[in-house]
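This report is meant to be read with the sequence and the coordinates open side by side. Please look through both before going on to the sections below.

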Amino acid sequence: MLWFMEGICFLPVFMVIWSSCTFMISYIVALLRHDVDIIFPYISDTGTNPPESGIFGLMTTISAFAGIATIFARYKYVEKICEATTGSRLNCIAFCFGIISCLGMCFIATFQETQVPSVHDLAGLTFFVSGVTYIVLQSIISRRMYPYWSSRSVCLSQIFISAISVIAAVLMIICGVLVKSSKLHWEIHNEYILHVVSAVSEWIVSFGFVFFFFTYIREFKKVTLKLKVSVHY
């Protein structure tokens, strides 16, 4: 059996690969159509104009549902095996933040930046803040699970990704607030530097959130999910 078919490894593997393809495909299409600048546009900018907006919307929605499935699987894993060491409350809180971040992702995909900017911006803030909070809480959970249910390498990887994501999220929000205008093509000036810092930080946070799920692979090799159906007459 292939390694990514063991247990439920396919969930985080699909999540990471599909989400990465979502970001890159929409960026390449937007770039080829000259809808964005080559130097670090916002991810949402790459999915603003058709046809890339349709590609971005569809693929992001699928990513969100894949994220929900993976987050639920991690929640049940912690609940079933490690409840005594991590505490059910922290696990539930992390689960809620994870679901909220994925719902924010759905709204980002549905409401384009240029069409409904207020909803899009609120959804983006919800996704990034909730997503970063989720991976930070999961890093804490994994640390509490060590050494019986989590390895040192996994803990260190999660802490590293969480730390980078927190720093990038703070820079993204601060620089994004300071940027007064919102446009797809920029000229070199002081505000452009803030835009680049904010955009680069957004890419780092997004990929940090996505690649965090790769750290679940070792655990998910030992996990199977079963659906139990009961019929009452």
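This is a predicted model: local features need pLDDT of at least 70, side-chain atom pairs count only at pLDDT 80 or more; totals for chains, interfaces and linings use all residues.

## Basis of the report

## Aromatic rings

A pair of aromatic rings is described by the distance of the centres and the angle of the planes. The count for this structure comes to 17 aromatic pairs. One of them joins F207 and F211, whose ring centres are 6.0 Å apart and whose planes meet at 35°, so the pair is classed as tilted, given that stacked requires planes under 30 degrees apart and edge-to-face over 60. Both residues belong to helix α7, which spans residues 190-212, and because they are four residues apart there, about one helical turn separates F207 from F211. F211 is partly exposed, with a relative accessible area of 33%.

The pair of F213 and Y216 has its ring centres 5.7 Å apart and its planes at 85°, so this pair is edge-to-face. F213 and Y216 are both buried. These two residues also take part in one aromatic cluster, which is formed by F127, F128, Y134, F209, F212, F213, Y216 and F220.

## Cysteines

How many disulfides does the structure hold? The number is zero. C21 is in no disulfide, and the nearest cysteine sulfur, which belongs to C102, is 18 Å away; this cannot count as a disulfide because the two sulfur atoms would have to lie within 2.5 Å.

Is C21 buried, or is it partly exposed? With a relative accessibility of 32%, C21 counts as partly exposed, because that value falls between the 20% limit for buried and the 50% limit for exposed. C155, by contrast, has a relative accessible area of 5% and is buried.

## A66 in helix α2

A66 is located in helix α2, which covers residues 52-81, and at 10% relative accessibility A66 counts as buried. When residues up to four places away in sequence are left out, A66 touches F14 and M15. A66 and L122 are 56 residues apart along the chain, and their C-alpha atoms are separated by 22 Å.

## A nonpolar surface patch

On the surface, L125, V129, I173 and V177 form a nonpolar patch that together has about 320 Å² of accessible area. The elements that give two or more residues to this patch are α5, residues 117-145, and α6, residues 152-178. L125, one of the patch residues, lies in helix α5 and is partly exposed, with a relative accessible area of 41%.

## Backbone features in the loops

P50 and P51 are joined by a cis peptide bond with omega of about 5°, and P51 has its place in the loop between α1, residues 10-32, and α2. Y146 and P147 are likewise joined by a cis peptide bond, for which omega is about 5°, and P147 is found in the loop between α5 and α6.

The loop between α1 and α2 also holds H34. H34 is a residue other than glycine with a positive phi, near 60°. With a relative accessible area of 62%, H34 is exposed, because the value is over 50%.

Terms used
Residues are numbered from 1 along each chain as its sequence is written. Side-chain values use heavy atoms; hydrogens and water are left out. Rings of Phe, Tyr and Trp (its six-membered ring) pair if their centres lie within 6.5 Å; planes under 30 degrees apart count as stacked, over 60 as edge-to-face and the rest as tilted. Buried means under 20% relative accessible area, exposed over 50%, partly exposed in between (1.4 Å probe, protein chains only). Contact means heavy atoms within 4.5 Å. Patches are made of residues with over 30% relative accessible area and no salt bridge: like charges are joined within 9 Å, nonpolar side chains (Val, Leu, Ile, Met, Phe, Trp, Tyr) within 5 Å. Accessible areas come from the Shrake-Rupley method with a 1.4 Å probe; for residues, only the protein chains shown count as cover. A salt bridge is a side-chain nitrogen of Lys or Arg within 4 Å of a carboxyl oxygen of Asp or Glu.
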